[in-house]
Amino acid sequence: GILSSSEAFYTQKARLIKRLTFTMYCCEYNQYAKFISKIQECFVDALKLSTAAHQVVREVFLGFRVLILRMAPGTYSPLWPIMLNELYGQLVELRDLLRKQSDWEMSTNALSMYLSVSKLLDMALILPAEMIPDFQVHHWSFVCDRPREIEDPTGPVPKRTAPEFECLASEISHDFDRALEDDSWVRDTGKPFLTQPTVIDRRAHV
């Protein structure tokens with residue numbers, strides 16, 4: 001039927017993007033820079049698909065992470081506005097989903113998208129500024145510095161989320177606070193928090 005045909009198309013599209021991602025990952029550094037316009041076209045076409053094409057969007061996020069690591073800074077600058085728009089959109093969808101579901105249950109697709117978005121942001125926030133200069137302009141949209149506390153002006157500067165996502169952060173912060181008690185959540189310097197391939201619950205990882 002039409003539904004099965006659409007699912008088969010999305011699956012095939014996701015596989016093609018994954019193949020492209022693997023090729024970029026295995027190639028020499030910046031080898032595919034001359035094809036950046038074609039790669040951008042591929043990503044943009046994928047993001048124009050139906051909102052039901054979750055698996056395709058997840059592969060685009062993965063592809064962009066590899067692009068950042070395997071191409072010179074500035075090569076993929078035209079892709080940043082597109083990817084940031086998609087990041088904002090996915091975060092807003094996640095916020096709205098959490099507000100609607102008082103029992104905090106999330107579908108497998110929603111959890112997978114949540115992880116994909118988080119992994120991209122996780123990587124962008126730990127890479128050196130010179131390696132990912134375009135993101136620094138938008139860094140404040142996700143994390144910004146809070147003024148030093150009067151009680152301890154010499155202490156470390158804590159971080160807070162940008163205003164547009166503070167409601168989302170406050171809604172899930174109690175779960176994250178509990179997660180921080182687990183040693184597995186302690187970040188090594190320069191290494192990402194998120195290394196798991198899947199999640200089964202928004203508060204758990206496998």
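Begin by selecting Thr21, which lies in helix α1 (residues 2–26), helices being DSSP runs of H or I with at least four residues, numbered from the N terminus. The model on screen is predicted, so local features need pLDDT of at least 70 and side-chain atom pairs count only at pLDDT 80 or more, whereas totals for chains, interfaces and linings use all residues. Residues are numbered from 1 along each chain as its sequence is written, and side-chain values use heavy atoms, with hydrogens and water left out.

Thr21 is buried, at a relative accessible area of 5%, where buried means under 20%, exposed over 50% and partly exposed in between, computed with a 1.4 Å probe on protein chains only. Leaving aside residues up to four places away in sequence, Thr21 touches Glu59, Leu62, Gly63 and Val66, contact meaning heavy atoms within 4.5 Å.

Next, show helix α3 (residues 54–70) together with helix α4 (residues 80–100), whose axes lie 12 Å apart at an angle of about 135 degrees. Axes here are lines fitted to C-alpha atoms, for helices over the stretch in contact, and angles run from 0 to 180 degrees between N-to-C directions. The two helices, α3 and α4, are therefore oblique to each other, given that angles under 35 degrees count as roughly parallel, over 145 as roughly antiparallel, 65 to 115 as roughly perpendicular and the rest as oblique. From α3, select Val57, Val60, Phe61, Phe64 and Ile68, which meet Trp80, Met83, Glu86, Leu87 and Gln90 of α4. By class, this contact of α3 with α4 has 8 nonpolar, 1 polar and 1 charged residues; Ala, Val, Leu, Ile, Met, Phe, Trp, Tyr, Cys and Pro count as nonpolar, Asp, Glu, Lys and Arg as charged, and the others, Gly among them, as polar.

The contact of α3 with α5 has 9 nonpolar, 4 polar and 3 charged residues.

Finish with the cysteines: a search of the whole structure finds 0 disulfides, a disulfide being a pair of cysteine sulfur atoms within 2.5 Å. For Cys27, the nearest cysteine sulfur is that of Cys26, 8.0 Å away. Cys27 is buried, with a relative accessible area of 10%, while Cys42 counts as partly exposed at 22% relative accessibility.
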